[in-house]
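Here is a short briefing to read alongside the model. Have the sequence and the 3D view open, and we can walk through it together.

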Amino acid sequence: MHHANHFYGHAHIMARYVGLEHPPRIWGYLQHGWNMHDGFAVGTVFTPQYPKFVWSEACARRGWAAGLRNYMVVAAPWLYLLELERQKEWLATAPPRTGTIVYPFHGWEGQQVLGSHTEYIEEVKEAEGDVPITVCLHWNEYDNPKVRRQYEDAGVRVVTHGQRGYLWQDTDVAFLYRQLHEMRQHKRVVSNRMSSAILYAASAGVEVGVYGDPMALESDHAVLGGVGKPRRIWPEMHQFSVPMDYAAQVANRELGADEMLSPAEVIDAFGWAPEIAVPGTPPPAPPLDEEPSAFARRRRRQHRAESHRAPGAGELSDVVISIDATVDEEDQAVDDAEGHSTDPAARAVSRTDHQAEQPPAADPATTVPLSAAAQDPALDPALQEQD
């Protein structure tokens with residue numbers, strides 16, 4: 001159904017949980033990130049009667065308070081991943097971990113973070129002391145050389161877990177697997193805001209902390225509560241080191257640990273019975289080290305410019321855009337090596353030649369109109385999740 005069901009590989013995790021390698025269509029809307037609203041983007045247009053699969057009772061209650069219905073609590077896909085990867089057994093025999101992984105508050109294609117990344121990482125380095133530090137940037141910041149280099153210049157390791165995907169393309173099904181792998185390597189997980197990453201880490205048995213300049217988001221939506229709402233509700237979560245028992249309690253409640261479904265219940269809830277009648281053995285986990293092709297990187301840069309639009313929309317969004325679409329040297333070198341020019345003039349000639357070979361466009365009168373569901377606004381990870 002909605003393409004956001006596949007963000008961060010969520011649909012694939014749920015499919016693996018029931019024994020499928022590839023996910024069938026989920027008949028409903030699956031929450032893909034934590035927020036202080038009902039789990040979905042502000043202004044999302046829902047097709048009537050289709051269920052809204054949310055992580056927790058809190059999300060469902062807020063949705064009901066806003067006049068919406070058809071909520072079903074299914075728990076976060078992250079919790080199903082922990083079960084698939086036997087996190088409890090791993091913790092029982094885990095080797096000593098060291099260092100801190102940092103998840104700075106991130107923006108998305110239509111809203112950028114306002115604040116000094118340089119000052120933030122210096123604050124983290126001073127607070128964490130003489131330990132290895134990894135900074136994990138959301139792809140929006142990682143693909144911006146100006147932002148990424150502020151962290152690289154600070155002398156810390158900089159990574160990203162991959163792409164969230166858009167319109168069923170470039171979905172990185174190993175995204176959350178990489179996140180779990182990194183969290184298993186580090187003693188602490190910290191951020192400048194309470195976020196999905198913080199809740200994930202706490203649920204996985206990792207020490208967490210929330211401190212530092214929370215930064216701001218361009219044109220933020222008041223209904224999401226901003227910085228203040230989580231601080232008022234969970235003041236104890238906002239300190240250098242949160243007591244692990246308390247952090248796990250908050251995380252399990254917000255992620256819906258008591259609401260997890262059995263494989264058979266997932267099949268029934270998602271409408272997967274025609275594809276799989278009885279749950280099977282989970283297939284192997286996806287590899288963590290796959291690199292995107294040059295084609296995928298170019299398509300990703302195109303998505304950066306377009307993914308603030310609703311699927312099928314023809315006009316630019318009126319949401320503020322301040323993305324730095326610079327092609328970094330790494331991508332440029334790969335493109336050159338593979339014979340794909342990034343020169344604008346060359347691209348224009350190529351595009352003209354390609355268009356000349358295309359068949360005539362279909363008669364507009366015979367074109368099937370887009371459904372209401374297809375015109376949903378593209379879900380906003382910065383609004384859904386502060387991770």
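Which residues does T98 touch, not counting residues up to four places away in sequence? T98 touches P132, Q185, H186 and K187, where contact means heavy atoms within 4.5 Å. This is a predicted model, in which local features need pLDDT of at least 70 and side-chain atom pairs count only at pLDDT 80 or more, while totals for chains, interfaces and linings use all residues. Residues are numbered from 1 along each chain as its sequence is written, and side-chain values use heavy atoms, with hydrogens and water left out.

**The chain overall**

- The chain has 16 helices and ten strands; these are DSSP runs numbered from the N terminus, with helices being H or I of at least four residues and strands E of at least two.
- Of its 387 residues, 50% count as buried; buried means under 20% relative accessible area, exposed means over 50%, and partly exposed is in between (1.4 Å probe, protein chains only).
- Among contacts in the chain with a separation of 6 or more, 71% come from residues 24 or more positions apart.
- The accessible surface comes to about 17900 Å², and 54% of that belongs to carbon and sulfur atoms; the areas come from the Shrake-Rupley method with a 1.4 Å probe, and for residues only the protein chains shown count as cover.

**More on T98**

- T98 sits in the loop between α4 (87-92) and β4 (100-103).
- With a relative accessible area of 48%, T98 is partly exposed.
- T98 and V131 are 33 residues apart in sequence, and their C-alpha atoms are 7.4 Å apart in space.

- The buried residues of α9 are S196, A197, I198, L199, Y200, A201, A202 and S203.
- Just after α9, G205 takes a positive phi of about 85 degrees.

**α9 against α11**

- Helix α9 (residues 196-203) packs on helix α11 (residues 244-255) at an angle of about 115 degrees, with the axes 8 Å apart; axes are lines fitted to C-alpha atoms, for helices over the stretch in contact, and angles run from 0 to 180 degrees between N-to-C directions.
- α9 and α11 are therefore roughly perpendicular to each other; angles under 35 degrees count as roughly parallel, over 145 as roughly antiparallel, 65 to 115 as roughly perpendicular and the rest as oblique.
- The crossing of α9 and α11 is left-handed, meaning that the near helix is turned anticlockwise from the far one by less than a right angle, whereas clockwise would be right-handed.
- From α9, L199, Y200, A202 and S203 meet A247, A248, V250, A251, N252, E254 and L255 in α11.
- By class, this contact of α9 with α11 has eight nonpolar, two polar and one charged residues; Ala, Val, Leu, Ile, Met, Phe, Trp, Tyr, Cys and Pro count as nonpolar, Asp, Glu, Lys and Arg as charged, and the others, Gly among them, as polar.

- α8 and α9 pack at an angle of about 60 degrees, with their axes 11 Å apart.
- The two helices α8 and α9 are therefore oblique to each other, and their crossing is right-handed.
- L176, Q179 and M183 in α8 meet A197, Y200 and A201 in α9.
- That contact of α8 with α9 divides into five nonpolar, one polar and no charged residues.
- Q179, found in helix α8 (residues 175-185), is buried, with a relative accessible area of 2%.
- Not counting residues up to four places away in sequence, Q179 touches W78, Y103, H161, A197 and Y200.
- Q179 and H161 are 18 residues apart along the chain, with their C-alpha atoms separated by 6.2 Å.

**Positive phi outside glycine**

- Q49 has a phi near 80 degrees, a positive value in a residue other than glycine.
- Q49 lies in the loop between β1 (29-30) and β2 (52-54) and counts as exposed at 66% relative accessibility.
- A75, also not a glycine, has a positive phi near 80 degrees.
- A75 is placed in the loop between β3 (71-73) and α3 (77-84), and counts as buried at 1% relative accessibility.
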